[in-house]
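Work through the exercises below with the sequence and the coordinates open. Each task is followed by a solution in steps.

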Amino acid sequence: MMLLLALTACNTDADPEAPPVAVVDISTARSTLRWKRNRALQNDLSRALALPLEEVCTEVDGSVCATVQRIRYLDWLASQGLDPQEALQECAAQQGTATCQDDIWIDLYSPLGAHTVSLGGNSPFLGEQYQPLAEPGLTTPMALDRMLLSACGERATRDLAGPIEVFEHVGLSAITSGSIEAEQTVSTLFRRLLARDPEAEEVATVTAIADTTPPMSGEQFA
Amino acid sequence: MFTLLLPALARPPGPAAAVCDVYPDEPLCSGSVAPCTLCHVLPPTLNPYGTAVLGELDPELSYSEGVIAALPYIEAADSDGDGQSNLAELIAGTSPGDELSVNPSPEDAPEGSGALYDPEFAFRRLMTAFCGHSPTYDEVEELRSASDPATLLHAQLDRCLESPTWRHEIVPRFADERIRPIASLGTCVSMMANFEFDYHLFTWAMTEGRDARELLTADYYVTSSDQGSSYPELRVHDDSAGLPYPPAQRAGISCTDVRGFPATNNAGGQTLEPAHRAGMFTTQWFLTLNTQASYLPRTTAAAAYRSWLGFEIAAYEGMYPIDGEPLDIDRKSIDVQPCAQCHSTLDPLSYAFAHYNGVSLIFGGNGSYNENRPIELFSADPAIREDWAAEAPVAALSGELIPTEPGGDAPSVVELARRAAESDAFARNLTSILFEHATGGPPEGKDQAEFRALWMGLQDGGYSIDAMAHDLIDTHAFGAP
Amino acid sequence: MSLTRRTLLGALTAGAAAATLPAFAFGGQQRRYLIVIGGPGGANILDSFLPVAHSESANASVLSTHFDEDVLQPAGSTLRCVAPLVDAIESSLIPMRVRYEQATFLQRYGSMTTVMTCEGSSVNHRVGQVRAMNGNTINRGRTILETVGLAHGDGLALPVVNMMGGGLGESGTDSSLPIAARQLSVQDPRTFAMGTHGSLGLEHAPDPGHLARARAARESLDQSSAFANRFAHTSTLQRWASLRQLALAVEDQDLLTKLLLRELPNLTTPPELELLQQTFPCLLTDVFEAQAALTFLLLKNGLTCSVGLAPRNGTLQVEIDGVRAIENPQLAFDYSHNDHRVGQNVMWARTLRVADGLIGLLEQTEDPCSPGQTILDNSVVAFLTEFGRGRERPADALVYGSGHFPNNGVVLVSPLLGGNRLFGGVDPDTCLTYGFDPITGEDRPGTHMEEGDVFSGICEALGVDFPGRRSLPCLFT
C-alpha cells in the first residue's frame with residue numbers, strides 16, 4: 001500500500017507525461033490547476049484497484065469515508081444525531097413495522113461521508129453546505145491518505161486471499177528494491193492509477209521504498 | 001394603472017455607463033456593468049483608482065463626459081500600487097483600485113510547456129470534469145495514437161455528457177448555492193416546499209442540449225420517474241393531470257407538512273398555474289425560502305439577481321438605478337443614502353416578486369400567485385398597503401421597466417425572467433459555472449477573450465450547455481493551463 | 001498572519017507540553033479566544049435576559065410579555081431572566097421539556113454577563129445570520145471568527161473552526177483573507193478527529209516507518225516528475241506542497257487522540273473524555289453537545305482561537321425522568337412561528353445549558369498560552385443570532401406564533417467585559433429595545449445599535465483592531 005500512496009503525487013486531474021500530440025503556443029500559463037475532488041478520487045481508486053465503490057474506504061467507526069448516493073432514511077436519521085441502533089428503532093417506529101426497511105428519503109444524489117468536505121465535496125441536503133472548498137484545506141492531505149491507505153490495504157488483503165486482481169506479488173515474504181517483482185508492481189500501478197508508464201527514474205524512486213531491514217513483504221510493499 | 005410608456009433605460013446611467021463607453025469589451029463591461037467598487041471602497045468613499053479619476057476630471061465637462069475623458073489618462077498608472085497598470089487590470093478583469101485584487105497570470109508569468117494546448121492534458125481533464133473519473137491506460141494510448149485527437153476528444157465528451165454521472169451527480173452540484181436546500185423544511189416530514197423540483201428543472205435545462213434559457217422561462221415542472229435503485233429519468237410534468245403534488249410517501253412513511261398534516265400542493269407541491277411560472281424564479285421552494293413572510297421580497301429579487309445573472313447587489317454589482325427610486329414603499333427608511341444606492345436598483349426588481357406569496361396559509365399556498373397581494377397582505381401595515389395602491393410601483397430589470405402581467409395590473413415576473421434569460425449577464429453567468437467547473441477557477445487575465453467568445457457562443461448556439469462544453473474544451477484555458 | 005511550517009512547528013513543538021508554552025504576545029497582547037454560540041432561527045432577547053413583566057407594560061395583553069412570577073432576578077444580578085414555562089410547555093403543540101433554568105446561568109456567570117441591545121438589518125434567516133457574523137460587512141466581509149482568527153491565530157494548528165450551519169456557517173467574502181485565517185468547517189464533531197491523521201486507527205494502517213518511506217518517495221516524485229516541473233509555477237501546486245508540510249506538523253501533534261469524542265478500535269481517547277461525558281452526557285447523539293466538547297478540546301490543547309457552534313435545525317428528542325420529549329424543536333428558535341413562548345423558552349434553555357457546561361470547563365482549565373490564567377479569563381463567549389421575534393400576540397394568548405423581527409439584543413459572557421450589565425433597554429409599552437451611548441453607556445431611547453456595533457465590541461474586548469472599527473468603551477466599565 002506504500003506504493004499507491006507514493007503514486008498520488010500531485011493529486012490533480014491530469015498527469016500528462018507523453019509528448020503532446022499537437023500543440024499551439026500561447027503567451028502565458030494559468031495560475032491554477034483543477035482539483036480532483038471526492039467523487040473522482042473514489043471512482044479512480046475503485047477502477048484502479050478493482051474495488052466496489054462503497055468499499056474503497058471504510059473509516060475506523062465503520063462509516064464510509066466519502067461516496068455519492070441518494071439520501072436514504074437512515075442517512076437522514078444519522079444526520080439528526082441518532083446512532084445506528086437508535087436510527088433503526090426510529091425508522092421502524094415511523095414505519096409502524098417491526099424492523100426498518102430503509103429506502104430513499106431525498107430523491108437526489110449527494111456526497112456523503114466523514115471526509116467529504118476535506119476531499120472537496122459538499123453535503124447540501126444533510127449538512128446545508130452549498131459550496132465545496134474552493135481549494136484543498138488543512139485536513140485534505142490527511143483525508144486523502146486515509147482514502148489511499150484504506151483502498152490499497154483492502155486490495156492487498158483481497159489479493160492475498162485470492163484471486164489476484166492487481167498485486168501479482170502480494171504473497172511474497174520479501175520484496176527487494178530493484179527486483180523485477182517490485183518493478184512490475186510499480187508499472188502496474190502507474191498504468192492503473194495514472195494511465196501511463198513510469199520513467200525509469202520513477203521506478204527507481206518508488207521501488208526504493210522496499211529497501212528496508214528487515215525486508216518488506218509483498219503485502220507491505222503493495 | 002401602470003404606464004408602459006415611460007422611457008426605458010438600456011444601460012446604467014452615470015459613471016458606470018461612462019466607464020463602459022470607454023471599455024465596452026473589457027470584463028467589467030462585457031456582459032456586465034461596471035460595479036461601483038471600481039472607483040469606490042463603499043460609495044461615496046473613493047478608492048485609489050477613483051481618486052485618480054477624480055484628479056483628471058475636467059470641470060468644464062459634464063460628469064459623465066469628464067469620466068470618459070479622464071480614463072485614458074490614468075491607464076498607464078498603477079493606482080493601487082499592486083504592480084499591475086490600471087489598463088492591464090481592466091483587461092484582466094481585476095480591480096485597479098484594490099491592491100489585493102491582482103491578475104494571477106500576468107503577461108510576464110513564467111512560460112513553459114504549460115502554455116501549449118495539449119490534447120492529452122485536455123483528455124484527462126475532460127474525463128475527470130465531465131465523466132467523473134480519469135481515463136484508463138488504454139484510452140490514453142488510443143488518444144496518443146489517434147491521427148485526429150480533437151475528434152476523439154469531442155466524441156468522449158459526448159459520452160460524458162450523456163452519462164448519468166454528469167446528469168445526476170455533477171450538474172446538480174452547480175445548483176446547490178442557487179437552490180440552498182434545507183432538509184428540515186423540504187423533505188417528507190415537516191415539508192414547507194419541496195426542493196427536488198428545483199433540482200430536476202435545473203438538471204433538465206442544463207443537459208441533453210436543451211435551451212438553458214428555460215431555467216428562467218419554463219412554464220412546466222420536471223419530475224423524477226421513479227424511486228428505484230438505478231439513476232432515475234427526468235420528464236416534464238404534464239399539467240393535464242393537475243399540478244404536481246409532493247411525494248405522498250417516502251421510505252414507507254407518509255409525508256406531512258410542517259404542521260403534521262398530509263402534504264399537499266400548499267406545502268411540497270407546485271401551486272402556480274402556467275401563466276405565472278418563470279422557471280427557477282417561481283418554484284415553490286425559491287419563493288418560500290426567500291420571500292418567507294416579507295412584504296416586499298427584496299431577498300427573493302437579490303437571490304434571483306445573484307444566482308442567475310451573477311450580480312451581487314450587496315457588493316454593488318449590477319447597479320441600474322431607476323430615477324425616483326427607491327419609493328421606500330414599505331417604510332424601511334431605505335430612501336436615504338447610502339441605502340438608496342442599492343435600493344434604487346433592488347426595489348424595482350423586487351416589485352415584480354411582491355405578487356407571489358412566500359410562506360402563506362391564506363392565499364392558497366406557499367409560493368402561490370396573488371395579483372393583489374401587495375394591497376391585501378393581512379400582516380402588512382394598512383398604511384403601506386394603501387401606499388402601494390396609490391404609488392403603483394413599477395418593476396424594472398437592468399434599467400428597463402417591465403410591462404404588466406397580461407390581462408392584469410401586476411408587474412410581471414414572467415416578463416422579467418424572459419428578459420433576464422436573453423441578457424448577456426445570464427449567458428455570462430452560465431458560462432462562468434461551466435468554466436470554473438472545468439478549469440478549476442474563474443477566468444484569469446489571459447482567458448478573457450476566450451471566455452467572452454464562450455458566452456457569446458452560448459447565445460448563438462441556442463443556449464445549449466452541451467454545445468458550450470464542446471467549445472470550452474477547445475480553449476487554451478482548458479487545454480493549456 | 002503567515003502560517004508557515006516553521007512557525008507552526010515552533011509553536012507546536014513548544015506546545016508539546018502545552019502548559020509550559022509562554023504567553024503568546026501579539027503587539028503586547030495576550031492570545032485571546034472567541035467562542036460564538038449561534039441561535040439559529042431568531043433567539044429573542046426578551047425571552048431570556050431582557051424580559052418584560054406583565055405588570056410593567058400598559059399593553060401587556062397584546063405584547064410578548066411574561067407573567068410577573070416568571071420574570072426572575074437572581075440575588076446580586078442586575079439582569080433578569082425567564083423561568084421555565086412549565087404550564088405553557090404542557091399546553092404546547094408538541095411535548096417538550098426544559099432541562100435547564102436561565103436563572104442558573106445568571107447565578108453562575110451573571111458577574112461576567114453583558115446584555116447589549118441591537119437591531120438586525122434583515123429578517124431573512126440566511127442574510128441575517130451572515131450579517132450577524134460579519135457585522136454587516138464592517139470588516140471587508142470577514143466574519144467575526146475570521147477577524148479574531150487573523151489577529152490571534154498565529155502559530156495555531158487550526159486557528160478558526162466553524163461548526164455552525166446556514167448563514168452562521170458561511171465563510172466571509174474577503175478573498176484577500178490569508179489562507180491560514182480561513183475557517184475550517186466541521187460538519188460532524190464526532191468524526192472530525194479522524195480527519196486529522198493520515199493513517200492512525202485504519203484497519204490497514206501501515207508501519208509508521210514504511211509510511212514515512214512512501215511519503216518521502218512521493219515528495220521525490222513531486223519534485224522531479226514532468227507534471228511537477230510543468231506546473232511548478234501554479235499557485236495550486238505551491239499551496240498543495242505547503243499543505244502537505246502543514247499536515248505533517250498536525251499529525252505530529254496527534255490531534256486524533258486529543259480530539260476523539262468516542263472510543264474506537266485501535267485508537268486512544270483523550271484524558272478529558274470522561275469529564276466531557278459527565279458534562280455533556282449526550283455528546284454521541286446530540287451534535288450540539290459534541291460541538292461544545294470539541295470546542296473545549298480545541299481550546300484546551302492550544303489548537304484554536306476562534307470557534308463557532310450552534311444547535312441544529314432538526315428535532316432532537318431526549319428522555320428525561322422516563323419521559324421522551326423534544327429538547328430541540330424543528331427549526332430551533334424558528335419554531336416560534338408555531339409556538340413562540342415554548343419555542344423560545346425551550347431553545348434558550350437548551351442553548352444556555354450547553355453553554356454553561358462549556359463555560360464551566362473553560363473556567364476550570366488553564367490557558368495553554370497563559371500559565372496561571374484560565375481559558376475563560378481570555379475569552380469572549382458571544383451568543384449571536386439573525387434577528388429577534390415579533391412582539392405582538394393575540395390578546396392574552398399563551399400559545400401563539402411570532403414572525404421575524406429585527407429588534408433584539410445579544411448576550412456576551414466574558415471576564416474581559418464589565419459584566420452584570422445591560423446596555424440599552426426595553427420600552428415595556430412596546431417591548432422594543434433601544435440603544436445606548438457607546439462611550440458613557442447611557443440609555444438612548446429612539447436609537448438602536450447595529451450588527452457592526454456588536455462586531456466592534458467583541459473585537460475591542462479581544463484587542464482586535466481593523467479599519468472602521470467602532471469604539472464602545474462603555475462595555476468595559
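## Exercise 1: a sheet in chain C

C:V160 has C:S306 as its bridge partner in β7(C). The model is predicted.

Task: In which sense do strands β5 and β7 of chain C pair, and over how many bridges? What is the strand order of the sheet, and which strands stand at the edges?

Solution. 

Step 1. Strand β5 of chain C covers residues 160-162, and strand β7 of chain C covers residues 306-309. The two pair in the parallel sense over three bridges.

Step 2. The sheet is open and has eight strands, in the order β6-β5-β7-β1-β12-β15-β4-β16 (chain C). Its pairing is mixed.

Step 3. At the edges stand β6 (184-185) and β16 (421-423) of chain C. Each has a single partner strand, so one side of each lacks a neighbour in the sheet.

Step 4. Helix α11 of chain C, residues 287-300, packs on this sheet and touches β1 (33-38), β5 and β7 of chain C. The direction of α11 makes about 170° with that of β7(C).

## Exercise 2: a three-stranded sheet and a strand residue

Task: Give the order and pairing of the open sheet of three strands in chain C. Then list the contacts of C:E119, leaving aside its neighbours within four places in sequence.

Solution. 

Step 1. The order is β17-β18-β19 (chain C), and the pairing is antiparallel.

Step 2. The edge strands are β17 (425-427) and β19 (443-444) of chain C; each has a single partner strand, so one side of each is left without a neighbour in the sheet.

Step 3. Strand β18 of chain C, residues 432-436, pairs with β19(C) in the antiparallel sense over two bridges. The partner of C:F436 in β19(C) is C:D443.

Step 4. C:E119 is placed in strand β4 of chain C, residues 113-119. With neighbours within four places in sequence set aside, C:E119 contacts C:P406, C:N407, C:N408, C:H448, C:M449, C:E450 and C:E451.

Step 5. C:E119 and C:Y434 are 315 residues apart along the chain, and 8.6 Å separates their C-alpha atoms.

## Exercise 3: helix α5 of chain B and two partners

Task: At what angle do α5 and α18 of chain B pack, and how far apart are their axes? At what angle do α5(B) and α6(B) cross?

Solution. 

Step 1. Helix α5 of chain B spans residues 119-131 and helix α18 of chain B spans residues 424-439; they pack at an angle of about 125°, with axes 9 Å apart.

Step 2. α5(B) and α18(B) are therefore oblique to each other. Their crossing is right-handed.

Step 3. On the α5(B) side the contact holds B:R125, B:A129 and B:F130, and on the α18(B) side B:L434, B:H437, B:A438 and B:T439. By class, the contact has four nonpolar, two polar and one charged residues.

Step 4. Helix α6 of chain B covers residues 137-145. The axes of α5(B) and α6(B) come within 10 Å and cross at roughly 145°. This crossing is right-handed.

Step 5. From α5(B), B:P119, B:E120, B:F123, B:R124 and B:M127 meet B:E139, B:V140, B:L143 and B:R144 in α6(B). These residues divide into five nonpolar, no polar and four charged.

## Exercise 4: backbone geometry in chain A

Solution. 

Step 1. Most peptide bonds are trans, and most residues other than glycine have a negative phi.

Step 2. The bond from A:G162 to A:P163 is cis, with omega near -5°. A:P163 is in the loop between α5 (140-161) and α6 (180-194) of chain A.

Step 3. A:T213 and A:P214 are also joined by a cis peptide bond, with omega about -5°. A:P214 is in the loop between α7 (200-207) and α8 (218-221) of chain A.

Step 4. A:E128 has a phi near 50°, a positive value in a residue other than glycine. A:E128 lies in the loop between β2 (104-112) and α5 of chain A.

## Exercise 5: chain dimensions

Task: How many helices and strands does chain B have, and how many are there in chain C?

Solution. 

Step 1. Chain B has 21 helices and eight strands. Its radius of gyration is 24 Å, close to the 23 Å that the globule rule gives for 481 residues, so chain B is as compact as a globular protein of that length. The C-alpha atoms of chain B fill a box of roughly 70 × 65 × 35 Å along the principal axes.

Step 2. Chain C has 13 helices and 19 strands. Its radius of gyration is 23 Å, close to the 23 Å that the globule rule gives for 477 residues, so chain C is as compact as a globular protein of that length. The box filled by the C-alpha atoms of chain C is roughly 80 × 50 × 45 Å along the principal axes.

Note on methods
Residues are numbered from 1 along each chain as its sequence is written. Chains are lettered from A and ligands numbered from 1 in the order in which they are written. This is a predicted model: local features need pLDDT of at least 70, side-chain atom pairs count only at pLDDT 80 or more; totals for chains, interfaces and linings use all residues. Side-chain values use heavy atoms; hydrogens and water are left out. Axes are lines fitted to C-alpha atoms, for helices over the stretch in contact, and angles run from 0 to 180 degrees between N-to-C directions. Helices (H or I, at least four residues) and strands (E, at least two) are DSSP runs, numbered from the N terminus. Angles under 35 degrees count as roughly parallel, over 145 as roughly antiparallel, 65 to 115 as roughly perpendicular and the rest as oblique. A crossing is left-handed if the near helix is turned anticlockwise from the far one by less than a right angle, and right-handed if clockwise. Contact means heavy atoms within 4.5 Å. Ala, Val, Leu, Ile, Met, Phe, Trp, Tyr, Cys and Pro count as nonpolar, Asp, Glu, Lys and Arg as charged, and the others, Gly among them, as polar. Two strands pair if DSSP finds at least two bridges between them. The radius of gyration is taken over C-alpha atoms; the globule rule is 2.2 Å times the number of residues to the power 0.38.
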